[in-house]
Amino acid sequence: MEKNKFEKVEQAVESKLTVLEMYQRAPKRWLLYTGIVLLLAVLVGWSGSDVNFTGLTATGTEVAKGIISGITHPDMGLMLGTSATDVPYLILQTIAIAVLGTVFGAILAIPFAFLAAENIMPKPIAYLFRAVILMIRTIPSLVWALMWIRVTGPGAACGVITQSVCSIGMISKMYITAIEDLDTRILESLDAMGCTPFQKIRYGVIPQLVASFISTTIYRFDINLKDATTLGIVGAGGIGASLVQCLNSRRWSMVGSFIWGLMVLVLIIEYASTRIRSKLARG
Amino acid sequence: MNNEYKPKEVKEPLFDRIFKPQVITLENGHSTIRKRSRLPLILILLVAVLIWALQMTEFRFSTITRNFPKLLDIFLKLFQPDTSFFPKVIKPLVDTIKMSILGTVIGCALALPVAVLSSSNIVHNKAVISFCRFILALIRTLPTLVIALVCALIFSLGTFAGTLAIAIFTFGIVAKMLYESIETIDMGPFEAMEALGANKFQAFWSACVPQILPVYLSHCLYCFEMNVRASAILGYVGAGGLGITINERIGWRDYNGLGTVLLTLFVVVLMIEFTSEYLRKKLS
Amino acid sequence: MINFKNVYKTYPNGFTALKDVNLQIEQGEFVAVIGLSGAGKSTILRCINRMHDISSGSLTVDGVEVNTLKGKELRSYRRKVGMIFQSFNLVSRSTVLRNVLTADVPDMNFFKVLFGIFSKEQKMRALESLDKVGILDKAYTRCDQLSGGQQQRVALARTLNQNPTIILADEPVASLDPITAKAVMEDFVRINKEYKISILLNIHHVDLALKYCDRVIGVRAGEIVFDGPASTITQEQLDYVYNGTKVPTSGQE
């Protein structure tokens, strides 16, 4: 009844406002909206000014036709062959690169994540490591690959080490969120039972983190796999290198078979990763 | 309502049929079923995959430790950026940003109608939904760099090819994220609009769009963030922007110059990310 | 005037929700439909504005055969019949005023809908509707910041804004606490008396139905088993409607 009374008093006060007064009180939102639209228009105009459509290249239509005919008539020998230059082998190599890159990245990310979590580390250290993580994320993976090639030489190994480093950025960012969302009340109850710090970590912290860590890792595997297909362009192994070579030398039927291989690979992995992650989320 | 409802028969997974669940019986005769843990099986599989992958990629830790000084050398130079190179970074950087803005706007604009057509709670025609989703899935399988390369081959080298590649990539991602969000909106207001005499378009526009719009804008901003980073490397295949400069510097082993490029990119990405994060927080 | 004549309704899955329903409701009546869940309360309401089709029989509203209406005719018919939902069905991210204004959308042309342009007259009318349910001061608040009772009043204002002759309310107080539920029921009574709008509501709380409504219709397994003034219903009749199970109340009495 208390609340009812309060509402009545409030109504009595407010009822002095007439409908017309209320109408005139309308917040001037349209000014904000026009502002946003104008800003967007200016941005688009400014960026459009420099992107010139210079028309097709002399061979543009030929390339387009070639790619379409390549996709419709892929090189079946290449698609089903078993040698080291054929599609199945390259796909397996791409998967191998992504698997290793993700696993190493996920392991390397753990110390980074704990060092950058604000609820565990003192703030200055946390911010320092956040800056490092951000830097790792900003450098494009292709640039990382180009630098690592100097160390490992061209080949699949370069792809692995590149992906391990690149994955740290995103994975540790998501780990940090999981760590900062930890439910600390569980630790209190473990304390009350007289657990040692190690026992608290084993039974209070790890069970909370494992599911989200695994989910993050699988998600990153999905991304790494797509990334691994492009790393080949700079010579870091996988299917990308062969695809680009064929594109540049215009062997369309080979291009077609590589594109088919790529599509099947990514579709399967994406489907599997979504299934596994939704299963993890349900427990 | 349906009184002839029958519960679906749950099929036992293959794993549980091979490794029969253990039945634990307490002293008082009550019993509970414990399913066999799948952990050992998963671990064995994982280790096997790792060993296979190590052989496949010929990855050796020794090569890294042996050549580590080389990398350290590169890194030291990266952290001593060549400031005199800075003026030459501005133009390609602006190009990169322009490519990302235009590409994001075009891609996001195209994504909205397709996302609506792929949402099962709004469109009830199964054929339309699966067709749209299939196209989106195909687009997402192609790496941005490959799209950019093809565009560059067709439309000549330069920013146009880059913009197009970004637009296509953005279209695929935003449309997918958007239809997943649309499927979680509250359809109650839509029903209310139909009950008060609105046609499908009017009901959709006044009941669903206000719910979709903030999510859509937030996805667009997120994609813009990604695009700035992604478009920085498109130049590698000749699609304009910073990538050309990066490729050039690495080719000449001018790591001090590369340091300047990366540092500028870092600052710009940081600023964009902060702005976008601020805006996205305001939207939700 | 709403007139059901030998109405049957069978759902596509074979479940028969209404069996030989005969019912006549005059303009300006305040009627409560009571019964167990699944007895067909919602179906009766939803047939009136053709959210569901009837399978056989005839259902006329003011002499118009509802089941023959199509497309435009159906939509302009629905303009006269307001509907209130248990879950309010408001666009929770929009302001209260925006939600009330959506009642005008069906009469607007494509571009006005597209850009959300409403005239001053429309806004004034919407504000007046808000005033009628006593939440004028909340006009520019976002709906998700309101309490459940206030949200149901916004939904009521939206319905009033379409100027209906009939209001159908599908469990309007089921998700409200007992005190707010009473306040909302009082709003319904006031609107029924002041504007002579017929109100037909399904309600789970029998005590509220008996207290506020003029006429009670008891539904059991798709059939009407009681129809008469609220004051004349006896305990045996109630027990029969509820199939011998405990009669649900709002827990206030």
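This is a predicted model: local features need pLDDT of at least 70, side-chain atom pairs count only at pLDDT 80 or more; totals for chains, interfaces and linings use all residues.

Which residues in α4(A) meet which residues in α6(B)? I found A:G60, A:V63, A:A64 and A:I67 on the α4(A) side, and B:V150, B:L153 and B:I154 on the α6(B) side. They divide into six nonpolar, one polar and no charged (Ala, Val, Leu, Ile, Met, Phe, Trp, Tyr, Cys and Pro count as nonpolar, Asp, Glu, Lys and Arg as charged, the others, Gly among them, as polar).

Residues count from 1 along each chain as written, chains are lettered from A and ligands numbered from 1 in written order, and side-chain values use heavy atoms, without hydrogens and water.

Next I checked the angle: helix α4 (residues 60-72) of chain A and helix α6 (residues 144-155) of chain B pack at about 140°, axes 7 Å apart. They are therefore oblique to each other (under 35 degrees is roughly parallel, over 145 roughly antiparallel, 65 to 115 roughly perpendicular, the rest oblique).

Then I picked A:S47, in helix α3 (residues 29-48) of chain A. It counts as buried because its relative accessibility is 0% (buried is under 20% relative accessible area, exposed over 50%, partly exposed in between, with a 1.4 Å probe and protein chains only). Its side chain reaches the backbone oxygen of A:V44 at 3.1 Å.

Last, I looked at A:T85, in the loop between α5 (76-80) and α6 (87-116) of chain A. At 56% relative accessibility, A:T85 counts as exposed.

Conventions
Helices (H or I, at least four residues) and strands (E, at least two) are DSSP runs, numbered from the N terminus. A polar contact is a pair of N or O atoms within 3.5 Å; within protein, one must be able to donate a hydrogen and the other to accept it, and residues adjacent in sequence count only if both atoms are side-chain atoms. Axes are lines fitted to C-alpha atoms, for helices over the stretch in contact, and angles run from 0 to 180 degrees between N-to-C directions. Contact means heavy atoms within 4.5 Å.
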